Amino acid sequence: MSKLIILIALILFYINLIAQFKTDIDSTILITLEKSCIADAQLIAAQNALSQVDGNKISQNWGKIISVDPYFSLRLKDKKITDQKNTGRCWLFSALNIIRPFISKKLGCDDIELSQNYLYFFEKLEKSNLFLNSIIQTREKPYTDRFVENLFKMNVQDGQNWLGFMGIVKKYGVVPKNVMPETYSSSNSNHVNKVLSTKLKQAAIKIRHEKNETVIQDIKMETLKDIFRILVINFGLPPKEFTWRYEMIDKKLSFSKTYTPRQFFDEFVVDKLEEFYPIYSIPTLAFNKKYEIDLNRIVSSEQNMYFVNCPLETMKEIAVKSLLDSNAVWFGCDVEQQSNFESGLMTSNLYDFESLYGMDFKMSREGLFESYSCSPTHNMVFTGIDILDGKVKKWLVENSWGVSKGKEGYLYMLDDWFNQFVQVIVVNKKYIPKELLEIYNTKASMLPPWDPMLNML
């Protein structure tokens, strides 16, 4: 009898335990939730405000905004602010902004802007070729395969990274902006991206249903002809050579000289570009290790994007060394996080949701990555730094959104923002510690093409 009583007690205990872990929101839970939401003065004030005004406006921490002074202990010479307009070309603009000082110094001119449209043309052409090659290689896989799915979703979208930039400029060179200026389509990419994507998907379906190798290659070639025509219509025909002159520092005009884009690149850039290496700090990956992201490139024959992962403090120390030696730093970050583009300020807890809602919203750097809440979405350039009492207080950021955003095109990034939302820098190898530099010679661990670190816009 006692055993039966014990059994019944255990059953009742487990029934009660299961009841506590309800999967549905029933009337009992709703009553509990309603009782927990007390209509106090804080709730009513917040409710009144949010019914009429944008929550991001209300939650801005005014004390933080007015506490940041405009001075930097080191500020590199300002260059003309560029504007990527309505495109995801930040990787291209920021990379060209890194090499501008090399060219202007060698030319003896005050500044030079290089044609983003010229490289954009070939980026789209090369991405189209890479897509078609990948479709041919995977045509036996079902369309539900994750690799194939990723191909169709990410065929010619805007966005790339430093190594993608290196691959395309080494192949096609560069030209000054006035040789191939912007068009409406190069500054507003939605239309051209949609047209290119549709044409490529049309060809991909044909390739995936074709068995004859010769026919498949014919489909690819005809598609590339169509892609080239679409690009010429939208961006113009890239020059094979150009005759160019410029105004020097003393305001005198240089002699006219004829170049091919590769000759211009080889004369003014090539010896500098090979010295730059990408460094990441991703807390969800092992440190002091080399990684590679599959299919993350522009030119089909070039290597995938790779990087060495290191602790955050190491990455910051390298960036500081470069700036103190008067060399700008290309970097990638999650730009929408805790940023105000009107005031030009980037600082953690800029939006005080804690005070607005009366609850905690904090998340660690590791938590941001683990929850897919943080990934590199934008590239810019560090051109200054503010160090007080031996500690970095803030970073000067050169953006590519024109002079109307931020502080005449610049942003002030406080060091606490760097700690949370900066994922990658690119610097000259002379600033990288020897033990870290040696890791670049090791075999990389492969990451899939849908890895979050791919999101470089």
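Analyst: Two strands pair if DSSP finds at least two bridges between them. This is a predicted model, where local features need pLDDT of at least 70 and side-chain atom pairs count only at pLDDT 80 or more, while totals for chains, interfaces and linings use all residues. Residues are numbered from 1 along each chain as its sequence is written, and side-chain values use heavy atoms, leaving out hydrogens and water.

User: What makes strand 7 and strand 10 a pair?

Analyst: Strand 7 and strand 10 (residues 378-388) share 5 bridges and run antiparallel, against the at least two needed. Phe331, for instance, has Met380 as its bridge partner in strand 10. Strands here are DSSP runs of E, at least two residues, and helices are runs of H or I, at least four, numbered from the N terminus.

User: How do you know that strand 7 also pairs with strand 13?

Analyst: There are 4 bridges to strand 13 (residues 422-428), again antiparallel. Gly332 sits opposite Val424 there.

User: Why is strand 7 called largely enclosed?

Analyst: Because 5 of the 5 residues in strand 7 (residues 329-333) are buried (under 20% relative accessible area; over 50% is exposed and in between is partly exposed, with a 1.4 Å probe on protein chains only). Cys333 has a relative accessible area of 0%, so it counts as buried. Across the 457 residues of the protein chain, 50% are buried.

User: What are helix 11 and helix 12 called, roughly parallel or roughly antiparallel, and why?

Analyst: Their axes (lines fitted to C-alpha atoms over the stretch in contact, with angles from 0 to 180 degrees between N-to-C directions) cross at roughly 175° and come within 10 Å. Helix 11 and helix 12 are therefore roughly antiparallel (over 145 degrees; under 35 is roughly parallel, 65 to 115 roughly perpendicular, the rest oblique). The contact (heavy atoms within 4.5 Å) includes Val195 and Leu196 of helix 11 and Ile227 and Ile230 of helix 12.
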